[in-house]
Amino acid sequence: MIKSIVDYFKKHIFSVSIATAGFLSSIVTLCIDINSVLSIKWLILVIFISIVIITLLVGYIHNCNQKYFLTYNMFEKLPLEDLKKELQGCFLFKNNSPIKLSYEDIIKVYYIDEYDVENFIGIGCVKHIQSDNIIYHIKFYWLN
């Protein structure tokens, strides 16, 4: 993990430093007289270094989140067949695809009407799995 952070910093340090220097120079020339106080130069240097480090960390966190969500989005179009049964507050769905859900996965459920328009049903959680990952008991916490 440390190696990936260092690699990310090496790739982006130059562009972030130039952008931060431009931002700080525009703010300083508009608002602050550098010649009047000597210690303000050190404060600007500390602010510059802080902004560069914070920008790089936020960029790294955003990059990690993008990688996570890109791999998780494959579940958006999982075709489930409604078995039109309810068991202990859970609705039964049959999965005909090779993608498998696991216990406590949170999913959004839609249906496609006769005009090929997706209609939102609700957000639910997988409460039970039976028949070799084919039939799911989904409890809805928010129904449309």
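Biologist: Let's start with a single residue. Is E104 buried, exposed or partly exposed?

Modeller: Happy to begin there, and please keep in mind that this is a predicted model. E104 has a relative accessibility of 37%, so it counts as partly exposed, since that class lies between the 20% and 50% cut-offs.

Biologist: Where is E104 placed in the chain?

Modeller: E104 sits in the loop between β2 and β3. Its backbone also deserves a look. Most residues other than glycine have a negative phi. E104, which is not a glycine, has a positive phi of about 70°.

Biologist: Which residue in a strand has a positive phi, near 55°?

Modeller: That is K84, found in strand β1, residues 80-87. K84 is not a glycine either, and with 69% relative accessibility it counts as exposed.

Biologist: Back to E104. Which residue forms a salt bridge with it?

Modeller: The partner is K127, and the closest N and O atoms of the two are 3.3 Å apart. For a salt bridge, the side-chain nitrogen has to be within 4 Å of a carboxyl oxygen, so this pair qualifies. The two residues come from distant parts of the chain: K127 belongs to strand β4 (residues 118-130), while E104 is in the loop between β2 (90-95) and β3 (106-112), 23 residues away. K127 is partly exposed, at 25% relative accessible area.

Biologist: How many salt bridges does a search of the whole structure find?

Modeller: The search finds one.

Biologist: On to aromatic rings. What describes a pair of them?

Modeller: A pair is described by the distance of the ring centres and the angle of the planes. Searching the whole structure here gives three aromatic pairs. In one of them, F93 and F140 have ring centres 6.2 Å apart and planes at 75°, so the pair is edge-to-face. F93 lies in strand β2 and F140 in strand β5 (residues 135-143), so their pairing ties together parts that are 47 residues apart in sequence.

Biologist: Are F93 and F140 buried or exposed?

Modeller: Both are buried: F93 has 6% relative accessibility and F140 has 12%. Ring pairs also bring in F91, making a cluster of F91, F93 and F140.

Biologist: Now the helices. Where is the kink in α1 centred?

Modeller: Helix α1 covers residues 2-31, and its kink of about 50° is centred on H12. To read such a value, picture one axis through the residues leading up to a position and another through those that follow; the bend is the angle between them. The buried residues of α1 are I5, Y8, V16, T20, L24 and V28.

Biologist: Which residues make the nonpolar surface patch?

Modeller: W42, L45, I49, I53 and L57 make it, over about 490 Å². Take W42 as an example: it is found in helix α2, residues 40-72, and is exposed, with a relative accessible area of 61%.

Biologist: Finally, what is the order of the elements from the N terminus on?

Modeller: The order is α-α-β-β-β-β-β, made up of two helices and five strands. Of the 144 residues, 22% count as buried. The accessible surface comes to about 10800 Å², with 65% of it belonging to carbon and sulfur atoms. As for contacts with a separation of 6 or more, 43% are between residues 24 or more positions apart.

Conventions. Residues numbered from 1 in each chain as written. Predicted model: local features only at pLDDT ≥ 70, side-chain atom pairs only at ≥ 80, totals over all residues. Heavy atoms only, no water. Bend = angle between axes of the 7 residues up to and from the residue. Helix = DSSP H or I, 4+ residues; strand = E, 2+ residues; numbered from the N terminus. Buried < 20%, exposed > 50% of the residue type's maximum accessible area, 1.4 Å probe, protein only. Patch = residues over 30% accessible without salt bridge, like charges linked within 9 Å, V, L, I, M, F, W, Y side chains within 5 Å. Areas by Shrake-Rupley, 256 points an atom, 1.4 Å probe, with all protein chains shown as cover. Phe/Tyr/Trp six-rings, centres within 6.5 Å; stacked < 30°, edge-to-face > 60°. Contact = heavy atoms within 4.5 Å.
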